[in-house]
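These are my notebook entries on one structure. I set down what I looked up, entry by entry.

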Amino acid sequence: MDQFFQQLINGLAVGGIYALVALGYTMVYGVLKLINFAHGDLFTIGAYLGMTLFVGMGLAGKAPVLVSVLLVALMVMGLVALLGRLLERAAYRPLRKAGRLSAVVSALGASIFFQNAVMLIWGGKYEVYPETMRPSVILSLFGMGVPLIRLIIIGVSVLLMLALYWFIDRTRTGTAIRAVAIDQSAARLMGINVDRIISLVFCIGPGLGGVAGMMVGLSYGQIDFNMGFSYGLKAFTAAVLGGIGNIPGAMLGGLLLGLIETLGAAYLTIAWKDALSFLVLILILIIRPTGILGERTAEKL
Amino acid sequence: MIPLLSLENVTKSFGGLIAVNDVSFRVEEGGIVGIIGPNGAGKTTVFNLVTGNYAPDNGDILFRGTSLVGRKPHEIVSLGVARTFQSIRLFPSLPVLENVLAGRHCRMNAGLIASMFHSPAQRREERAAVERAVRELEFVGLTDFLEDRAGNLSYGNRRLLEIARALASDPALIILDEPAGSMNQPETAVLVRLVRAVRDRGITVMLIEHDMGLVMQVCEKLIVLEYGVKIADGPPDAVRSDPRVIEAYLGQDD
Amino acid sequence: MKRVRFPEGAKIPAVAVLIMIAALLPQVLNQYWIAVCVSVGLGALLSLSLNVILGQAGIFNMGHAAFYAVGAYVTAVLNTRLQIPVLWLLPAAGAAAGLCALLVARPIIHLRGDYLLIVTIGIVEIVRIALINDVGGLTGGANGIFGIARPEIFGVRIRRDIQFYYLIWGAVGLTVLLFSRLNRSRVGRALSCIKEDDIAAEGCGIDVARCKLLAFVLGASWAGMAGTLFAARMTIISPGSFTFWDSVLLFAAVILGGGSQAGVILGAFLVFGLPEIFRDFASARMLIFGLALMVMMVIRPQGILPPGSRRYDTGFLSRRERAAGDGRT
């Protein structure tokens, strides 16, 4: 039972990260119908930037850990968001009228580019997050040791998701994002600046992804230039699992996938851990072709 | 005598909206039948039920006595029911000739191996299909555009091309969804002649049309729908004088 | 009236010249570049097989390496355990990969494009993990299988790269011939229609699900046979050769090429050969490669050589017109 609870916390922490990354995939898909394959690499860049900023600014010991981490997180969010926006301008906007597959290949090119840029800048070996940056407190909950950082990750990801949900659901800009996702040309006719909305989405998604990358560094201590691949793939799977284009779906899919994977690895098989999420995905898509929360849209004839 | 097509108590709803409500009618072989009714009366839904794009919630649809319910659209084409789309669905980047050949597909047999090796039978079949496609293009008057991309045709010609594509599948029944939509006066006149020529080939024509002049001029039988319910059917003159029809539909125009 | 076209008669000499160049090329290249050309040839073979699925039928398949893996492993297992000559295993590898594709694709072929994309990525990952986990004790786990025999044709044992060059590019030539015939047939036409508008295709009598499945299985079994050639050339295979990234490169080669066969072969050159040309840049070469992919797509979104339209002999039409004209005068 203790072990189960422990795994549950681990699963939710991983799931929270998947969900944050999945949001980036799903939002971009929503407005552009494009799978942004470079998203996983923006997540990696977030992880590296977090480390570099913390070390580079000499924040260790100067301020309370949580304050400086928060500061770094905000900067990471801003920088990765900027990068996301640049990416959209350079690699996707010129292809908006072209076939969808050419944008996919451009996204794959961007992914290769970023991944290798990270390798050239920070090196091909893994990097270790500074210990001074990682809150190493272990809480005792119901008689079990739970690392504080896991709980923080769960808390922060839930908070960010709720904030995003509120933003999309309740604000004018959020409504505009939804309108662009449903029908770009109609949204344009309604006076919505579609380009601006797409730029904004390319800030929010990568921003969240960047923070998620930093949280992985904080939680596991280790990052490498290749980490965006597996996290990105899982998060993308999560987005599809929940119904791509659907924001609550991405959250649900992420958390679900984190749990399935962690519990599956603990109780079923560790060797097949990475295959498990895909098997679940395939099964769910066979039963529900549009994902768990995806709407069934009747094709207009 | 088994009718060519019969709908028996067909119902179809989308969510809470009942688009087609307990509709029954028969279409005999030969002739031109029009389905009319105000916007949202369920005309296109009836067509999509017949062509297998939608499945009815209730009731049965019989073509020459065999049920069409549960069959995929392409099987229904093979059985002899061809269609055109209200919103014109050609293959715009393919040449006009290939659009018609696509309609011929279901009457051809060459499989994967024969196609990869271009067996003599495959070559013969292909040659015959091209000739047939050209003949259908002659029939609708589009021979001049043989090699143009379908997307480069005028709207009126696109409608004609859709008809040629449907005819290439050797249908017994052809279903035209607003064939005169976005056509000008001379084009409509050509269409009227074409629809009659199709009928003269022994193919039964069913059409949805908003242009009442056209409907009264060309159709030999009318079926009137309103809010998913059939309110009248019969020869145009009888329908025209039916008080329910006048109230529901024709009255509005005058 | 008629658009000006590349004269039909000039095509045959052009192809002949290309074949001549391909045949003479290894005589002037050094060992290294011959090896590169062999790899590009295998890449071209795989890209052509993916083109049937992705380029012609428009099915988003980003897991093509899975079927390549099935073919290579079937070859390796049957050859090392039962000593069946490698090239005899071509049909077995093709059939196994095709069967896998059929089983996998049947329940998912109707899914929307992007869903299919992630599912096929999932399949290639599952296959890779299965190979690492040594399913049934047959695949040798992470180390793979070694000691695969060299192929033999008419008593000549193929072991040098220059021999593989002719074998593999011969296979590419045969593939181009068969697939271009397929393209100019009822099946190829149906695939074009499906790619353009599957609802319209179904509505005019094309069995969309069946045609898609046919394309998927054909492409997969071709990749399986390419797997045989790969296993024979390497003599050692391991799961590392059949990853998601290999699938991505094939995907990029097809889209970059534009979907015509010549274009796809060019795409394979760019994707599998270009990184070799940039070898002097050492660590930055993949960076440049990524950038190049983006730039090429932005400059030419439709790909290098999009397929031209098929030609039909409508000569009978003008003969008939002439006959009609004669009748009138």
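How many bridges join β4(B) to β5(B), and do they run parallel or antiparallel? I find 2 bridges joining β4(B) to β5(B), and the two run antiparallel. I note at the outset that this is a predicted model, in which local features need pLDDT of at least 70, side-chain atom pairs count only at pLDDT 80 or more, and totals for chains, interfaces and linings use all residues. Residues are numbered from 1 along each chain as its sequence is written, chains are lettered from A and ligands numbered from 1 in the order in which they are written, and side-chain values use heavy atoms, with hydrogens and water left out.

**Entry 1: the four-stranded sheet of chain B**

I looked up the sheet that holds this pair and found an open sheet of 4 strands in chain B, in the order β2-β1-β4-β5, with antiparallel pairing. Two strands pair if DSSP finds at least two bridges between them. Helices (H or I, at least four residues) and strands (E, at least two) are DSSP runs, numbered from the N terminus. The edges are β2 (17–27) and β5 (66–67) of chain B, each of which pairs on one side only.

I then followed the pairings across the sheet. Strand β1 (residues 5–14) of chain B is joined to β2(B) by 7 bridges in the antiparallel sense, and B:L7 stands opposite B:F25 in β2(B). On β4(B), β1(B) has 5 bridges, again antiparallel, with B:L5 opposite B:F63. B:F63 also has a bridge partner in β5(B), namely B:T66. The hairpin of β4(B) and β5(B) has 2 residues between the strands, and B:R64 in the turn has a positive phi of about 50 degrees.

I also checked which helix lies across this sheet. Helix α1 (residues 43–50) of chain B lies across β1, β2 and β4 (58–63) of chain B and runs at about 115 degrees to β1(B). Axes here are lines fitted to C-alpha atoms, for helices over the stretch in contact, and angles run from 0 to 180 degrees between N-to-C directions.

**Entry 2: the six-stranded sheet of chain B**

I found an open sheet of 6 strands in chain B, ordered β6-β7-β8-β3-β9-β10, with mixed pairing. Its edge strands β6 (81–83) and β10 (229–234) of chain B each have a single partner strand, so one side of each is left without a neighbour in the sheet. Neighbouring strands are turned by 20 degrees against each other on average, direction ignored.

At one end, strand β9 (residues 221–226) of chain B pairs with β10(B) over 5 bridges in the antiparallel sense, and B:L225 stands opposite B:K230 in β10(B). Helix α6 (residues 155–167) of chain B lies across β6 and β7 (173–177) of chain B, at about 160 degrees to β7(B).

**Entry 3: chain C against chain A**

I listed contacts (heavy atoms within 4.5 Å) and found 41 residues of chain C touching 47 residues of chain A. The area buried between the two chains is about 3,800 Å², with carbon and sulfur atoms giving 83%; buried area is the accessible area (1.4 Å probe) that two parts lose on being put together, summed over both.

How many salt bridges does the rule find across this interface? It finds 1, taking a side-chain nitrogen of Lys or Arg within 4 Å of a carboxyl oxygen of Asp or Glu. The side chains of C:D114 and A:R100 form this salt bridge, at 2.4 Å from N to O. On the chain C side, α5 (113–132), α10 (244–257) and α12 (285–299) each supply at least two of the residues that touch chain A. The largest share, 12 residues, comes from α5(C).
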